[in-house]
Amino acid sequence: MSGMAQVDMPVAATLDRLLLMAMLIALAAVLTAAMVMQYAFGEIPCPLCLLQRYAMFGCCFGIVMQLRSPDSERGAGVGAIFAVVLLVISVRQTLLDLFPRPGHAYVGSAVFGIHMPVWSVFIAVALLAGFAVRLALFGAPRPSVLSALSPMMSRLTYSLALYVLLICAINFVSVVVQCGVGECHTTGYVLLSSPH
């Protein structure tokens, strides 16, 4: 029996890491798509959309923390907290925009007929389910097993973390250009507009 448990532990640890990486790749893809819509199609994000992006970045950093920490579930906890924040913000915006009214409709285009705030609700629920499923299936971390994971997986984790950091930096600069030091609006970029 003990020989079988030793075989299962590395497999479980590898599957756990693959699930976390899949979650990180999905979030990075969503954030990249949001920025492409902003820059390529001129869809300036509203303040609640920016808060949803921040919550997604928080989830990304929690997942990266978890991927880099073999002996703690703190990163998964951070990611789950930001997933709850994302859920609260996106549900609020979805409820605000549920019935479009003059001057207050969904911002931006729909993707597959669904606007970003509603997608963010789905994303938040999927993240929370992902964190719960990995804990239910794989339980607590196993330091001795995780330290033996392949160098390829370590390099992929490092590359994903750098990519998330890059899009976070681009997003930060974009928000500064859009909002300056004041309130954000969806009418343009404050630092690019000429003073009146």
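Visitor: What volume does the largest cavity have?
Guide: This is a predicted model, and the structure holds one cavity of 30 Å³ or more. For that cavity, the computed volume comes to about 250 Å³.

Visitor: Which residues are the closest to the centre of the largest cavity?
Guide: The lining of the largest cavity is made up of 20 residues, and by class these divide into 13 nonpolar, five polar and two charged. Among these 20 lining residues, those closest to the centre are A34, P45, C49, R53 and M116.

Visitor: Which element gives the most to the lining of the largest cavity?
Guide: Two or more lining residues come from each of the elements α1 (2-41), α2 (47-68) and α4 (116-138). The element that gives the most, with five residues, is α1.

Visitor: Are α2 and α4 roughly parallel or roughly antiparallel to each other?
Guide: The axes of α2 and α4 lie 11 Å apart, and the two helices pack at an angle of about 20°. Angles under 35 degrees count as roughly parallel, and therefore the relation of α2 to α4 is described as roughly parallel.

Visitor: What is the handedness of the crossing of α2 and α4, left-handed or right-handed?
Guide: On the α2 side of the contact stand Q52, M56, C59, I63 and Q66, which meet M116, P117, S120, I123, L127, F131 and R134 in α4. By class, this contact has eight nonpolar, three polar and one charged residues. The crossing of α2 and α4 is left-handed.

Conventions
Residues are numbered from 1 along each chain as its sequence is written. This is a predicted model: local features need pLDDT of at least 70, side-chain atom pairs count only at pLDDT 80 or more; totals for chains, interfaces and linings use all residues. Side-chain values use heavy atoms; hydrogens and water are left out. On a 1 Å grid over the protein atoms alone, a cavity is a set of points where a 1.4 Å probe fits but cannot get out, and a pocket is an open set with protein on both sides within 12 Å along at least five of seven lines; lining residues have an atom within 4 Å of a point. Grid points are joined across faces, edges and corners, and a volume is the space filled by probe spheres set on the points. Helices (H or I, at least four residues) and strands (E, at least two) are DSSP runs, numbered from the N terminus. Ala, Val, Leu, Ile, Met, Phe, Trp, Tyr, Cys and Pro count as nonpolar, Asp, Glu, Lys and Arg as charged, and the others, Gly among them, as polar. Axes are lines fitted to C-alpha atoms, for helices over the stretch in contact, and angles run from 0 to 180 degrees between N-to-C directions. Angles under 35 degrees count as roughly parallel, over 145 as roughly antiparallel, 65 to 115 as roughly perpendicular and the rest as oblique. A crossing is left-handed if the near helix is turned anticlockwise from the far one by less than a right angle, and right-handed if clockwise. Contact means heavy atoms within 4.5 Å.
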